[in-house]
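Subject: Structure handover

Hello,

Here is the structure I promised to pass on. Please open it first, then read my notes below.

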Amino acid sequence: MQALSRRLVQRPLTGEASIYSSSSLRSLYGVSNHLNGTDNRRYSSSLATKGVGHLARKGTGGRSSVSGIVATVFGATGFLGRYLVQQLAKMGSQVLVPFRGSEDSPRHLKLMGDLGQVVPMKFDPRDEDSIKAVMAKANVVINLIGREYETRNFSFEDANHHIAEKLALVAKEHGGIMRYIQVSCLGASASSPSRMLRAKAAAEEAVLNALPEATVMRPATMIGTEDRILNPWSMFVKKYGFLPLIGGGTTKFQPVYVVDVAAAIVAALKDDGSSMGKTYELGGPDVFTTHELAEIMYDMIREWPRYVKLPFPIAKAMAAPRDFMVNKVPFPLPSPQIFNLDQINALTTDTLVSDKALKFQDLDLVPHKLKGYPVEFLIQYRKGGPNFGSTVSEKIPTDFYP
């Protein structure tokens, strides 16, 4: 065998030597074409998207496969981003992760994909050349960038509208972007009392003007390990022993499990293009009032519920100083948690999925119910450890017993 290999290296494959062509060598060494996924359908990825057209794909569909998707995910270092990157990477997609902060910001994402498939790239959202560089090799762009409070450097309009508009225009100029997904917010409207929701509505309009085939996702308030609603509530309860119910806790909304939102985005990429140009409202299966969601939180951390009802005018007065000072002091202010003026304004109206909207079911998905696994991360706030307060009777005052 070694002699045969030496002769093949020394002589060109012409004339009689052509019998040692690549096909002959495959038969000689027992190598079949199906190892390259060319003649056996079970080796081609069933996870690759029809919606992104003629992309090359191969493998069995796992993280070492090639799905054909090269996705630039803006905002991947945020809450939703880590779940979306994980779902893209585990099906063999290459994920480009733009980041603007410390190089440590995206490092937890690199472990989610095969070697070299999750690629952090530093960028500046205000620099068009920087945006073009992180989109250069992509065929899919997903924009998750958003902020629920203002800072000295980025206003609501900057973070939620202007950046989204710039990304869409660059993607249009790119010419090779086959799918564009804009993640907005449920309740986004030009008439919303919330500046963030008004900016999100303006971003949707700007993106669809530039790319009419873009898909818009409108998730409701997201629940998960790093969420920005149950975590702040639990920390407030642990520190002060009670929870303020803004507006009396009567506002209705449809919180959704963050993993379901990531799955909806991936499902839109995997379809036959039917989701292009459409808007989906992603709410959970159940409607809660703020008070009812707080009860779920208290039940999971096993504390006796204690509330202080705050009328909207008082809550707004408590939150207003931070918004007033944000651009008037020479240093950054702490991020608002419970008392966020813009979110308090949003709570003045119910935020529910509209009856005629496209939902999870239109993407062949069934969202999780919140009670149970999606909120189990709250056991970290139990004062006596994970096994503290294992019976319901411990929450009943002793004077209730005969």
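The accessible surface of the protein chain is about 20,500 Å², and carbon and sulfur atoms hold 54% of that. Areas come from the Shrake-Rupley method with a 1.4 Å probe, and for residues only the protein chains shown count as cover.

Some ground rules. This is a predicted model, where local features need pLDDT of at least 70 and side-chain atom pairs count only at pLDDT 80 or more, while totals for chains, interfaces and linings use all residues. Residues are numbered from 1 along each chain as its sequence is written, and side-chain values use heavy atoms, with hydrogens and water left out.

The overall picture:
- The protein chain has 402 residues, and 46% of them count as buried (under 20% relative accessible area; exposed is over 50%, partly exposed in between; 1.4 Å probe, protein chains only).
- There are 12 helices and 13 strands (DSSP runs numbered from the N terminus: H or I of at least four residues for helices, E of at least two for strands).
- Among contacts with a separation of 6 or more, 74% join residues 24 or more positions apart (contact means heavy atoms within 4.5 Å).

Now helix H6, residues 156-174. Helix H5 (128-135) packs on H6 at about 55°, with the axes 10 Å apart. Axes are lines fitted to C-alpha atoms, for helices over the stretch in contact, and angles run from 0 to 180 degrees between N-to-C directions. H5 is therefore oblique to H6 (under 35 degrees is roughly parallel, over 145 roughly antiparallel, 65 to 115 roughly perpendicular, the rest oblique). On the H5 side, Glu 128, Ile 131, Lys 132 and Met 135 make the contact; their partners in H6 include Leu 167 and Val 170.

H6 also packs with helix H7 (195-210). Their axes come within 8 Å and cross at roughly 10°, so H6 and H7 are roughly parallel. Phe 156 and Leu 169 are among the H6 residues in this contact, and Met 196 and Val 207 among those of H7.

Where does Phe 360 lie? Phe 360 is in the segment after helix H12 (341-346). Phe 360 is buried, because its relative accessible area is 2%. Leaving out residues up to four places away in sequence, Phe 360 touches Val 256, Asp 260, Val 261, Ala 264, Leu 282, Gly 283, Leu 365 and Pro 367. Ala 263 is 97 residues from Phe 360 in sequence, yet 9.5 Å away in space, C-alpha to C-alpha.

Best wishes
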